[in-house]
Amino acid sequence: MAAAFATPSTVVGLGGSATSLSSPAKKTLLSSGFLKSGVSARNPLKLAGASGGKFTCFQRDWLRRDLNVIGFGLIGWLAPSSIPAIDGKSLTGLFFESIGTELAHFPTPPALTSQFWLWLVLWHLGLFITLTFGQIGFKGRTEDYFKF
């Protein structure tokens with residue numbers, strides 16, 4: 001039984017030719033009806049790419065950060081959130097007022113029932129949505145995604 005495992009065996013691959021398992025150093029060419037030409041089997045993680053030999057899934061500058069988006073996005077959120085629409089007060093004013101109220105008793109954290117948490121979440125949610133759409137719109141326009 002042990003002798004059966006020690007002898008080299010033959011496996012028929014995709015190409016139809018017999019491949020010996022005793023010589024793994026030889027490159028195997030795979031062929032199939034789906035592929036147009038023979039493709040050598042290789043490990044994509046060992047390919048030396050543009051990132052210094054490391055395998056990466058994203059472009060190196062995937063965020064494509066631009067300070068114009070941050071500046072205009074902040075101004076674009078501060079302007080509408082400063083309109084007095086909530087009982088004659090603005091969202092920014094209510095948020096900053098609640099910060100002042102909570103800082104008055106600084107070592108003690110804000111209570112869970114404090115209005116501070118509501119204004120904090122709403123103000124930052126609006127800011128992040130504005131920044132996200134600003135990034136999409138600004139980069140989309142500079143890279144000609146939107147053609148009219």
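Close-up 1. Contact here means heavy atoms within 4.5 Å. This is a predicted model: local features need pLDDT of at least 70, side-chain atom pairs count only at pLDDT 80 or more, and totals for chains, interfaces and linings use all residues. Residues are numbered from 1 along each chain as its sequence is written, and side-chain values use heavy atoms, with hydrogens and water left out. The buried residues of helix 4 are Phe116, Trp119, Trp123, Gly126, Leu127, Lys139 and Gly140. Buried means under 20% relative accessible area, exposed over 50%, and partly exposed in between (1.4 Å probe, protein chains only).

**Close-up 2. Helix 4 spans residues 115–142.** Helices are DSSP runs (H or I, at least four residues), numbered from the N terminus. Helix 4 has 28 residues. From first C-alpha to last, helix 4 reaches 40 Å, close to the 40 Å expected at 1.5 Å a residue. The expected span is 1.5 Å times one less than the number of residues. Serine 114 caps the N-terminal end of helix 4. A side-chain oxygen of serine 114 lies 3.2 Å from the backbone nitrogen of phenylalanine 116. Just after helix 4, aspartate 144 takes a positive phi of about 60°.

**Close-up 3. Helix 2 packs its buried residues against helix 3 and helix 4.** Helix 2 has 15 residues and reaches 21 Å from its first C-alpha to its last, close to the 21 Å expected at 1.5 Å a residue. Val69, Gly73, Trp77 and Ser81 are buried in helix 2. Seen down the helix 2 axis, these buried residues fall within an arc of 70°, so they line one face of the helix. The arc is that of the directions from the helix axis to the C-beta atoms. On the other side of helix 2, Leu67, Phe72, Ile75 and Ala79 are exposed.

**Close-up 4. Glutamate 97 forms a salt bridge with lysine 89.** The structure holds 1 salt bridge (a side-chain nitrogen of Lys or Arg within 4 Å of a carboxyl oxygen of Asp or Glu). The closest N and O atoms of glutamate 97 and lysine 89 are 3.7 Å apart. Glutamate 97 is partly exposed, at 43% relative accessibility. Lysine 89 is partly exposed, at 38%.

**Close-up 5. Leucine 120 sits in helix 4.** Leucine 120 is partly exposed, at 24% relative accessibility. Leucine 120 and phenylalanine 95 are 25 residues apart in sequence. In space, leucine 120 and phenylalanine 95 are 6.3 Å apart, C-alpha to C-alpha.

Methods: Helices (H or I, at least four residues) and strands (E, at least two) are DSSP runs, numbered from the N terminus. A polar contact is a pair of N or O atoms within 3.5 Å; within protein, one must be able to donate a hydrogen and the other to accept it, and residues adjacent in sequence count only if both atoms are side-chain atoms.
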